[in-house]
Amino acid sequence: MPINRIDHAAIRVTDLGQSLEWYEGVLGLTVLERTPQRALLACSGDGADLTLIAGGQSIDSFTFGVDHADDLEEIQARLDGAGVAYERYSEPDRPGQGTLLGLDLPSGHRMEFAAGSGNRVAGRTHTTSDGTFRPTDIDHINLLGETDPQEFSDFMKMVLGFKQSLVMTFAGKWAASWLRATRMDHDLAYMQAVRPADRLHHVAFAVEDGNHYFRISDRLTETGHRWEFGPGRHMGSPRDTQGFGTNNFAYAFDPTGNRNEFSSGMNEFDDAEFLVAEVRPDQLTEVMNGWASNMPESFMTIGS
């Protein structure tokens, strides 16, 4: 399958300058381009990982990478076969990306696929830290919506070729779904929104290891910020630290209220059968963090 991992996300922010104080000033991302309407930022290199768009909040679009522009033809054929509308863009609008293909998912989210420009391969996650607090790359995205998670997942699998990693059910009903385009544990997640207007749970950045979390934690303290939740370890099911859904995490909000995750330690899987985790309400805290019973209510109820 030609699809790599996430390569870029565009989010809306209420105040561009204030948001840059977080993404550039606190997290250390590099501003590649800035206008009154948007700012393009990179964790490393000269390809844009994140675009901030002035006005509103939540997700505007997100982009997965492919190895070559020709790989977009296979995706286009899948969409044609399923009768799904899409658009092709030949002119890149941000550094590091070339030809783009965009479509609207059943949930209403705008998804794009892109080839890299020059010798850059889009959607390859870099996880080696430069020794500072700066995250290494964009890592994955977790969407929220009113569409049923099973319906969303069926589209991603049958039309786009994603694989199911983990399903979380409450009383037998799908509540959340984790999917992968690569061998990594998950590249994309989707959950039923508690607040109907919410469309984003988090955009995740890659973190190298535990020491990297220490440096980011100290950076937040030094700049007057705190984690919402974590650092900790998610678990696909109680006491399972190695299976699907067991990455390390820490979460914080940007000034607009868009949640950022800082993720590390994802396992890799080939064609393993996906996990269905039936979770009781009393198990939810343990599943969300296997290390401590400290999940805040905001984590399950507030998105953007």
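1. How many bridges join strand S15 to strand S16, and do the two run parallel or antiparallel? Three bridges connect S15 (residues 248-253) with S16 (residues 259-263), and the two strands run antiparallel. Alanine 252 stands opposite asparagine 260, which belongs to S16. Please keep in mind throughout that this is a predicted model.

2. That pair of strands belongs to an open sheet of nine strands, in the order S14-S15-S16-S13-S9-S12-S11-S10-S17. The pairing in this sheet is mixed. Strand S14 (229-233) and strand S17 (275-278) are the edges, and each of them pairs on one side only. From one strand to the next, the twist averages 20 degrees.

3. Helix H3 (residues 149-158) lies across part of this sheet, over S9, S10, strand S11 (173-180) and strand S12 (188-192). Helix H3 runs at about 25 degrees to S11.

4. There is also an open sheet of eight strands, ordered S2-S3-S4-S1-S5-S8-S7-S6, again with mixed pairing. Its edges are strand S2 (30-34) and strand S6 (87-89), each pairing on one side only. Here the strand-to-strand twist averages 25 degrees.

5. At one end of that order, S2 and strand S3 (residues 38-42) pair in the antiparallel sense over four bridges. Threonine 30 has alanine 42, in S3, as its bridge partner. Helix H2 (residues 71-82) packs on the sheet and touches strand S1 (3-13), strand S5 (58-66), S6, strand S7 (97-104) and strand S8 (110-116). The direction of helix H2 makes about 10 degrees with that of S7.

6. Two backbone details are worth a look in your viewer. Glycine 230 and proline 231 are joined by a cis peptide bond, with omega about 0 degrees; proline 231 is found in strand S14. Serine 58, a residue other than glycine, has a positive phi near 85 degrees, and serine 58 is placed in strand S5.

7. The elements giving two or more residues to the lining are strand S9 (137-145), strand S10 (163-170), strand S13 (200-206) and helix H5 (284-288). By class, the cavity lining divides into nine nonpolar residues, eight polar and one charged.

8. What is the volume of the largest pocket? The value is about 310 Å³. Its lining has 18 residues, of which Arg5, Thr125, Thr127, Met184 and Glu268 are the closest to the centre. The pocket lining has four nonpolar, eight polar and six charged residues.

9. Last, the aromatic side chains. The structure holds eleven aromatic pairs. One of them is formed by tryptophan 227 and phenylalanine 262, an edge-to-face pair with 5.5 Å centre to centre and 65 degrees between the planes. Why does this pair tie together parts that are 35 residues apart in sequence? Because tryptophan 227 lies in the loop between helix H4 (210-222) and S14, whereas phenylalanine 262 lies in strand S16.

Methods: Residues numbered from 1 in each chain as written. Predicted model: local features only at pLDDT ≥ 70, side-chain atom pairs only at ≥ 80, totals over all residues. Heavy atoms only, no water. Nonpolar A, V, L, I, M, F, W, Y, C, P; charged D, E, K, R; others polar. Pairing = 2+ DSSP bridges. Axes fitted to C-alpha atoms, helices over the stretch in contact; angles between N-to-C directions. Contact = heavy atoms within 4.5 Å. Phe/Tyr/Trp six-rings, centres within 6.5 Å; stacked < 30°, edge-to-face > 60°. 1 Å grid on protein atoms, 1.4 Å probe; cavity = no way out; pocket = protein on both sides within 12 Å on 5 of 7 lines; lining within 4 Å. Points joined across faces, edges and corners; volume = space filled by probe spheres on them.
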